[in-house]
Amino acid sequence: MKLILAIVQDKDGGRLSNEFVDAGIRATKLSTTGGFLKAGNTTFIIGIEEERIDEVLDLIRRNCQSREQFMTPPVSLDISMETSMPYPVEVQVGGATVFVLPVDQFQQF
(Lines give C-alpha, C1' and ligand atoms only; values in the text may rest on other atoms or scores of the structure.)
Protein backbone atom coordinates (compact mmCIF):
# COMPACT_ATOMS: atom_id res chain seq x y z
CA MET A 1 0.00 0.00 0.00
CA LYS A 2 1.24 3.48 -0.90
CA LEU A 3 0.03 7.00 -0.21
CA ILE A 4 0.08 9.39 -3.15
CA LEU A 5 -0.09 13.15 -2.62
CA ALA A 6 -0.66 14.94 -5.92
CA ILE A 7 -0.75 18.74 -6.11
CA VAL A 8 -2.21 20.04 -9.37
CA GLN A 9 -3.49 23.37 -10.66
CA ASP A 10 -7.20 23.98 -10.04
CA LYS A 11 -7.73 24.16 -13.80
CA ASP A 12 -6.74 20.47 -14.03
CA GLY A 13 -8.29 19.27 -10.76
CA GLY A 14 -11.87 18.72 -11.91
CA ARG A 15 -10.94 16.73 -14.98
CA LEU A 16 -8.46 14.61 -13.01
CA SER A 17 -11.05 13.94 -10.32
CA ASN A 18 -13.46 12.63 -12.97
CA GLU A 19 -10.72 10.38 -14.39
CA PHE A 20 -10.08 8.93 -10.92
CA VAL A 21 -13.80 8.15 -10.51
CA ASP A 22 -13.96 6.50 -13.94
CA ALA A 23 -10.92 4.34 -13.08
CA GLY A 24 -12.31 3.33 -9.68
CA ILE A 25 -9.57 5.17 -7.80
CA ARG A 26 -10.72 6.58 -4.48
CA ALA A 27 -9.20 9.99 -3.79
CA THR A 28 -9.73 12.73 -1.23
CA LYS A 29 -9.70 16.15 -2.87
CA LEU A 30 -8.52 19.21 -0.94
CA SER A 31 -8.52 22.83 -2.03
CA THR A 32 -5.06 24.32 -1.43
CA THR A 33 -3.13 27.49 -2.22
CA GLY A 34 0.56 28.01 -2.59
CA GLY A 35 3.57 28.50 -4.71
CA PHE A 36 5.08 31.48 -6.40
CA LEU A 37 1.82 32.53 -8.03
CA LYS A 38 -0.25 32.11 -4.85
CA ALA A 39 -2.82 30.47 -7.12
CA GLY A 40 -5.43 27.88 -6.30
CA ASN A 41 -4.36 24.27 -6.36
CA THR A 42 -6.06 20.95 -5.79
CA THR A 43 -4.33 18.35 -3.64
CA PHE A 44 -5.38 14.72 -4.00
CA ILE A 45 -4.71 12.18 -1.24
CA ILE A 46 -4.84 8.64 -2.58
CA GLY A 47 -4.28 5.34 -0.80
CA ILE A 48 -3.50 2.76 -3.47
CA GLU A 49 -2.11 -0.73 -3.93
CA GLU A 50 1.46 -0.82 -5.23
CA GLU A 51 0.46 -2.51 -8.48
CA ARG A 52 -1.80 0.47 -9.39
CA ILE A 53 0.75 3.24 -8.79
CA ASP A 54 1.73 3.46 -12.48
CA GLU A 55 -1.94 3.72 -13.46
CA VAL A 56 -2.47 6.67 -11.09
CA LEU A 57 0.72 8.41 -12.23
CA ASP A 58 -0.29 7.94 -15.87
CA LEU A 59 -3.70 9.55 -15.23
CA ILE A 60 -2.01 12.49 -13.52
CA ARG A 61 0.54 12.84 -16.32
CA ARG A 62 -2.14 12.81 -19.07
CA ASN A 63 -4.43 15.33 -17.34
CA CYS A 64 -1.99 17.82 -15.81
CA GLN A 65 0.21 19.26 -18.52
CA SER A 66 2.39 22.28 -17.82
CA ARG A 67 1.79 25.42 -19.89
CA GLU A 68 3.07 28.99 -20.19
CA GLN A 69 1.13 31.90 -18.68
CA PHE A 70 1.79 35.63 -18.27
CA MET A 71 1.59 37.06 -14.76
CA THR A 72 2.56 40.31 -13.10
CA PRO A 73 4.88 39.85 -10.13
CA PRO A 74 3.44 41.16 -6.86
CA VAL A 75 4.44 44.70 -5.88
CA SER A 76 6.42 44.95 -2.65
CA LEU A 77 5.48 47.76 -0.30
CA ASP A 78 9.17 48.11 0.59
CA ILE A 79 10.15 49.49 -2.81
CA SER A 80 10.90 53.15 -3.33
CA MET A 81 8.50 55.32 -5.27
CA GLU A 82 11.15 55.69 -7.99
CA THR A 83 10.70 52.08 -9.04
CA SER A 84 8.36 51.55 -11.95
CA MET A 85 5.52 49.06 -11.91
CA PRO A 86 6.58 45.49 -12.72
CA TYR A 87 5.97 44.13 -16.20
CA PRO A 88 4.19 40.84 -16.86
CA VAL A 89 6.53 37.87 -17.15
CA GLU A 90 5.94 34.49 -18.74
CA VAL A 91 6.01 31.61 -16.23
CA GLN A 92 5.40 27.89 -16.44
CA VAL A 93 2.23 26.74 -14.63
CA GLY A 94 0.32 23.52 -14.36
CA GLY A 95 1.79 20.08 -14.33
CA ALA A 96 1.80 18.21 -11.05
CA THR A 97 3.92 17.71 -7.98
CA VAL A 98 3.53 14.11 -6.81
CA PHE A 99 4.81 12.35 -3.69
CA VAL A 100 4.58 8.56 -3.36
CA LEU A 101 5.00 7.50 0.27
CA PRO A 102 5.09 4.12 1.99
CA VAL A 103 2.16 3.22 4.25
CA ASP A 104 3.00 1.18 7.35
CA GLN A 105 -0.60 0.46 8.22
CA PHE A 106 -3.98 0.99 6.58
CA GLN A 107 -7.38 0.57 8.20
CA GLN A 108 -10.81 1.55 7.01
CA PHE A 109 -13.76 1.71 9.41
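Leucine 5 is in contact, meaning heavy atoms within 4.5 Å, with Phe44, Ile45, Thr97, Val98, Phe99 and Leu101, leaving aside its neighbours within four places in sequence. This is a predicted model, where local features need pLDDT of at least 70 and side-chain atom pairs count only at pLDDT 80 or more, while totals for chains, interfaces and linings use all residues. Residues are numbered from 1 along each chain as its sequence is written, and side-chain values use heavy atoms, with hydrogens and water left out.

Leucine 5 sits in strand β1, residues 2–9; strands are DSSP runs of E, at least two residues, and helices are runs of H or I, at least four, both numbered from the N terminus. Is leucine 5 buried, partly exposed or exposed? Leucine 5 is partly exposed because its relative accessible area is 25%, and buried means under 20%, exposed over 50%, and partly exposed in between, with a 1.4 Å probe and protein chains only. Between the C-alpha atoms of leucine 5 and alanine 27, 22 residues apart along the chain, the separation is 9.7 Å.

Now the helices. The axes of α1 (residues 10–22) and α2 (residues 53–63) come within 10 Å and cross at roughly 145 degrees. Axes here are lines fitted to C-alpha atoms, for helices over the stretch in contact, and angles run from 0 to 180 degrees between N-to-C directions. On the α1 side, Asp12, Arg15, Leu16, Glu19 and Phe20 meet Val56, Leu59, Ile60, Arg62 and Asn63 of α2. By class, that contact has five nonpolar, one polar and four charged residues; Ala, Val, Leu, Ile, Met, Phe, Trp, Tyr, Cys and Pro count as nonpolar, Asp, Glu, Lys and Arg as charged, and the others, Gly among them, as polar.
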